[in-house]
Amino acid sequence: MEYLKAVLNNDKAKEIDNLKILISTGKKLNKNISKYESELNKYNKENKKHIKIEPIKIEEPKKIEKAKISKKIKEDSDNYKYIIKSVESRNNMVIIDFKSSISKNFIKFSEEKTKSGFQDIYDIKGSFKDAHPTKLKIDGVKQIVIKQETPSTLRILFEDNKNLKTIYFFVNNKRLILKVLDVEKENKTTTNKIVKKAKKVQYRPGLNKVVVIDAGHGGKDVGAVGPNKRYEKIAVFEVTKYLESYLKKRGYKVYLTRNKDRFIKVRNRTILANEKKADIFVSIHANAIGKAKAHKLEGIETFFLSPARSERAKRVAAKENSSDVRNMSGSTKKAFLESLNRPRITASHKLSIDIQRNMLFSTRKIHKDVIDGGVREGPFWVLVGAQMPSVLIELGYITHPKESKRLYNSKYQKALAEGIANGIDSYFLKNP
């Protein structure tokens with residue numbers, strides 16, 4: 001354990017001391033200690049090399065060459081600072097996770113034409129102990145080679161008969177993603193622009209992602225009603241239209257359950273999402289409370305489908321569910337919800353967190369006093385039929401005098417929509 005701590009902390013002196021202890025103990029216990037002896041010999045050889053290189057004078061040409069060698073050895077030893085945690089391939093991407101923060105200086109890209117085809121080569125600063133056994137494969141790419149080119153450089157090479165179009169981008173300072181663009185499906189002009197600017201442009205997480213947005217209520221169902229006859233169905237539809245526009249500009253394929261003021265049954269709202277094979281489903285609403293507490297309750301909330309854990313969640317769900325599940329008993333509802341797909345609930349929870357955080361950040365640029373109602377679980381039947389991660393957003397309380405007025409303000413509606421769009425971006429960047 002002490003040896004592992006020394007390795008992780010890059011404390012070579014303690015590594016050597018602990019190796020000596022392991023070797024001594026192993027001999028007493030008659031255990032195989034060859035790997036420890038080999039590791040210790042490696043350090044001894046490195047130390048000898050450094051001793052030989054130290055006496056350098058600039059005016060002597062031969063010793064200048066040795067100085068270059070010394071610098072190379074130091075660079076190679078520094079690779080312990082940039083250890084690569086894992087490398088895997090999925091969804092037309094190679095994903096490299098690091099244990100420490102990285103930057104654009106960590107990667108060098110080059111292209112080569114060979115007798116057998118074309119190569120896209122990525123040299124990445126860092127060491128990866130499992131480079132040799134790791135296998136990378138992407139459909140439509142002839143071969144992906146991964147190897148530790150030098151002690152401080154990991155090489156990932158894409159090879160194919162056709163000239164591949166690849167780009168790279170960073171996520172959260174600790175993840176590097178190499179993506180192969182689908183040239184056949186994308187417009188050729190757009191593809192050429194992306195390839196020319198691949199190292200400069202920011203990756204669009206919405207590329208080829210499908211989002212279905214559900215504006216709550218509509219038609220004869222006005223939803224909750226606030227002061228001055230402000231209707232929930234109108235406020236949420238305006239935010240939905242702004243959100244549609246933002247997402248389309250970012251490359252998403254967007255569909256609306258209703259594109260005008262019409263009534264759709266709750267249980268029918270996910271049909272479109274399933275037909276379009278959506279990646280996520282987002283239902284947008286506004287909250288409400290009785291007159292007695294209308295001045296007290298306000299705030300943005302984001303819910304994901306799960307058996308309700310609080311009275312507040314049950315109350316909100318009851319308001320949104322009222323048109324479809326009046327005749328279903330409480331025990332039947334609970335039994336059905338308990339049978340839901342757990343991985344989908346987990347993904348919905350992650351999506352909820354990203355959307356809630358970004359909505360707050362966006363709206364507080366306009367109004368610093370926007371209340372965080374939190375991320376909550378609830379048995380929302382509008383989400384039950386969705387076969388993909390899904391959330392229900394309560395944009396605020398239409399019954400609260402101040403918040404109701406904001407929900408009818410176009411600037412605030414745009415801020416809400418932008419926050420939701422940023423949250424969706426954030427979710428797909430972390431869950432490509």
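Residues are numbered from 1 along each chain as its sequence is written. Because the model is predicted, local features need pLDDT of at least 70 and side-chain atom pairs count only at pLDDT 80 or more, while totals for chains, interfaces and linings use all residues, and side-chain values use heavy atoms, with hydrogens and water left out.

Let's start with the charge pairs. Side chains of opposite charge can pair when their charged atoms come close. Searching the whole structure turns up 16 salt bridges (a side-chain nitrogen of Lys or Arg within 4 Å of a carboxyl oxygen of Asp or Glu). One of them joins R269 to D214, with the closest N and O atoms 2.6 Å apart. This pair links distant parts of the chain: R269 sits in the loop between β12 (253-256) and α7 (271-275), D214 in strand β9 (residues 210-215), and the two are 55 residues apart. Helices (H or I, at least four residues) and strands (E, at least two) are DSSP runs, numbered from the N terminus. Both R269 and D214 are buried (under 20% relative accessible area, with exposed meaning over 50% and partly exposed in between; 1.4 Å probe, protein chains only).

Another salt bridge pairs D261 with K233, at 2.9 Å between the closest N and O atoms. D261 lies in the loop between β12 and α7 and K233 in helix α6, so this bridge ties together parts 28 residues apart in sequence. D261 is partly exposed at 48% relative accessibility, whereas K233 is buried at 10%. Shared partners also join D123, K147, E149 and R155 into one salt-bridge network. In the bridge between K162 and D160, the closest N and O atoms are 3.5 Å apart; here K162 is partly exposed at 42%, and D160 is buried at 7%.

What about the helix that holds K233? Helix α6 (residues 232-249) has 18 residues and spans 26 Å from first C-alpha to last, close to the 26 Å expected at 1.5 Å a residue (1.5 Å times one less than the number of residues). Its buried residues include V236, F237, V239, T240, L243 and L247. Just after α6, G251 takes a positive phi of about 100 degrees.

Finally, the surface: K85, K99, K129 and K174 form a positive patch. In such a patch, residues have over 30% relative accessible area and no salt bridge, and like charges are joined within 9 Å. K99, found in the loop between β2 (93-98) and β3 (107-114), is partly exposed at 47% relative accessibility.

Conventions:
Patches are made of residues with over 30% relative accessible area and no salt bridge: like charges are joined within 9 Å, nonpolar side chains (Val, Leu, Ile, Met, Phe, Trp, Tyr) within 5 Å. Accessible areas come from the Shrake-Rupley method with a 1.4 Å probe; for residues, only the protein chains shown count as cover. Lys and Arg count as positive and Asp and Glu as negative; His and the chain ends are not counted. The place of a charge is taken as NZ of Lys, CZ of Arg, CG of Asp or CD of Glu.
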